[in-house]
Amino acid sequence: MRSLRIILALILSGPLLSALGQRDPLYSQYMFDKLLVNPAYAGSSNWIVGSLKYRNHLGGIEGAPQTSLFTFHLPLQKKSMGLGVKAVYDQLAVSNSMTLTGIYSFHIGFGGGKLSFGLEGGMVYNLTDYQSLVRYDPIDQSIPETTEAAIAPDASFGIYYNAKSLYVGVAAYHLFNPKRTVPAYDRNQMFQLEKTFYALGGYVIDIGKVFAVEPGFLVCYEPGAPFQVDGFLNFTYAERITLGGAYRTSQAAAVMLKVNVTEGLRIAYSYDLNVSNLANYSSGSHEFMLSYGIKLLPPPARKEVHPRYYF
């Protein structure tokens with residue numbers, strides 16, 4: 001019965017299936033750490049920041065994705081540069097992947113704000129345990145009977161602009177379009193990272209002295225797959241508590257809460273609820289973030305970006 005539910009859930013998921021399979025791991029808190037969708041964000045503010053994240057996708061479905069993530073970035077202010085690293089461990093059914101990348105960014109003053117260019121590069125390691133598959137045909141010669149591993153290079157590029165209240169950026173991921181097949185099984189694709197394009201934007205509106213509203217969007221496009229569009233709206237009180245919501249065109253809605261425990265320590269939680277037929281099989285997705293930052297003094301004769309939103 002559980003296997004039947006899993007199969008039905010995957011069939012009913014539609015566009016979400018491509019998001020979980022060929023695309024990058026899906027996140028709801030990208031507005032809290034824009035390094036998730038744009039390498040040019042690294043070092044774009046005067047903060048040294050490290051973040052830990054965990055996401056449990058599609059709770060209640062056996063073998064559903066789980067993602068653990070670490071990001072770290074810092075500015076080299078005197079050189080107008082930024083450096084960062086990203087480590088992602090993604091589990092999906094019988095397949096596990098580990099991505100480790102380094103990030104370099106360059107920043108210039110432009111239009112009263114800062115224009116940044118970022119390059120990300122590293123390696124992807126994938127391990128697939130074909131022995132754990134439930135086989136309907138025990139002698140299917142097209143499926144390996146071993147555990148197979150593969151490694152591939154990966155690279156991404158982004159452009160990001162931020163001013164006091166506005167931010168916008170575009171990025172292209174997996175420029176090498178890495179693909180690996182199992183030896184002696186040319187038609188058995190172990191994994192492939194399709195080129196993926198992101199566009200992110202948002203605007204912060206101050207309401208009085210203690211409230212702020214931040215509407216924004218994220219567009220994700222992968223050739224051969226439907227556009228995925230997110231729209232979000234966050235409310236911030238006293239620069240300490242942020243409560244928000246988002247809607248995704250893959251028929252999912254999210255609510256999120258971020259608390260600035262201290263100036264440097266931040267925690268966040270979000271819950272995604274499927275509003276498609278997949279809701280009959282999944283209890284939703286949970287995402288957690290723990291982030292710590294150290295604020296640096298801005299260099300002489302340079303304007304400091306807004307400390308509340310450009311952590």
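A residue is described as partly exposed when its relative accessible area falls between the buried class, under 20%, and the exposed class, over 50%. In this predicted model, Phe 157 has a relative accessible area of 36% and is therefore partly exposed. Phe 157 is located in strand S6, which covers residues 147-162.

Phe 157 also belongs to a nonpolar patch on the surface, together with Leu 83, Tyr 104, Phe 106, Ile 108, Phe 110, Phe 117, Leu 119, Leu 175 and Phe 176. The accessible area of these residues together is about 880 Å². At least two residues of the patch come from each of strand S4 (95-110) and strand S5 (113-129). The most is given by S4, which provides four residues.

In one of them, the ring centres of Tyr 30 and Phe 232 are 5.9 Å apart and the ring planes stand at 75°, so the arrangement is edge-to-face. Because Tyr 30 lies in the loop between helix H2 (15-21) and strand S1 (47-59), while Phe 232 lies in strand S13 (residues 228-237), this pair ties together parts that are 202 residues apart in sequence. Tyr 30 is buried, its relative accessible area being 1%. Phe 232 is likewise buried, with a value of 4%.

A further pair is formed by Phe 211 and Tyr 237; the centres of their rings are 5.3 Å apart and the planes are at 50°, so the pair is classed as tilted. Phe 211 is part of strand S12 (residues 211-221) and Tyr 237 is part of strand S13, so parts that are 26 residues apart in sequence are tied together. Phe 211 is partly exposed, at 45% relative accessibility. Tyr 237 is partly exposed as well, with a relative accessible area of 43%.

The charged end of Lys 34 sits over the ring of Tyr 167, at 4.4 Å from the ring centre. Lys 258 is positioned over the face of Phe 32, and here the distance to the ring centre is 5.3 Å.

The structure contains six salt bridges. One of these joins the side chains of Asp 33 and Lys 53, with an N to O distance of 2.6 Å. Asp 33 lies in the loop between H2 and S1, whereas Lys 53 lies in strand S1, so this pair connects parts that are 20 residues apart in sequence. Asp 33 counts as buried, with 4% relative accessibility. Lys 53 is also buried, at 6%.

Asp 272 takes part in a salt bridge with Arg 55, in which the closest N and O atoms are 2.7 Å apart. Since Asp 272 is found in strand S16 (residues 265-274) and Arg 55 in strand S1, the pair ties together parts that are 217 residues apart in sequence. Asp 272 and Arg 55 are both buried.

The side chain of Asp 272 also meets that of Arg 248 in a salt bridge, with an N to O distance of 3.2 Å. This pair links distant parts of the chain, with Asp 272 in strand S16 and Arg 248 in strand S14 (residues 241-248), 24 residues apart. Arg 248 is buried, as is Asp 272. Salt bridges link Asp 272, Arg 55 and Arg 248 with Asp 230 and Glu 287 in a network.

Definitions and conventions:
Residues numbered from 1 in each chain as written. Predicted model: local features only at pLDDT ≥ 70, side-chain atom pairs only at ≥ 80, totals over all residues. Heavy atoms only, no water. Phe/Tyr/Trp six-rings, centres within 6.5 Å; stacked < 30°, edge-to-face > 60°. Buried < 20%, exposed > 50% of the residue type's maximum accessible area, 1.4 Å probe, protein only. Lys NZ or Arg CZ within 6 Å of the ring centre and 35° of its normal. Patch = residues over 30% accessible without salt bridge, like charges linked within 9 Å, V, L, I, M, F, W, Y side chains within 5 Å. Areas by Shrake-Rupley, 256 points an atom, 1.4 Å probe, with all protein chains shown as cover. Salt bridge = Lys/Arg side-chain N within 4 Å of Asp/Glu carboxyl O.
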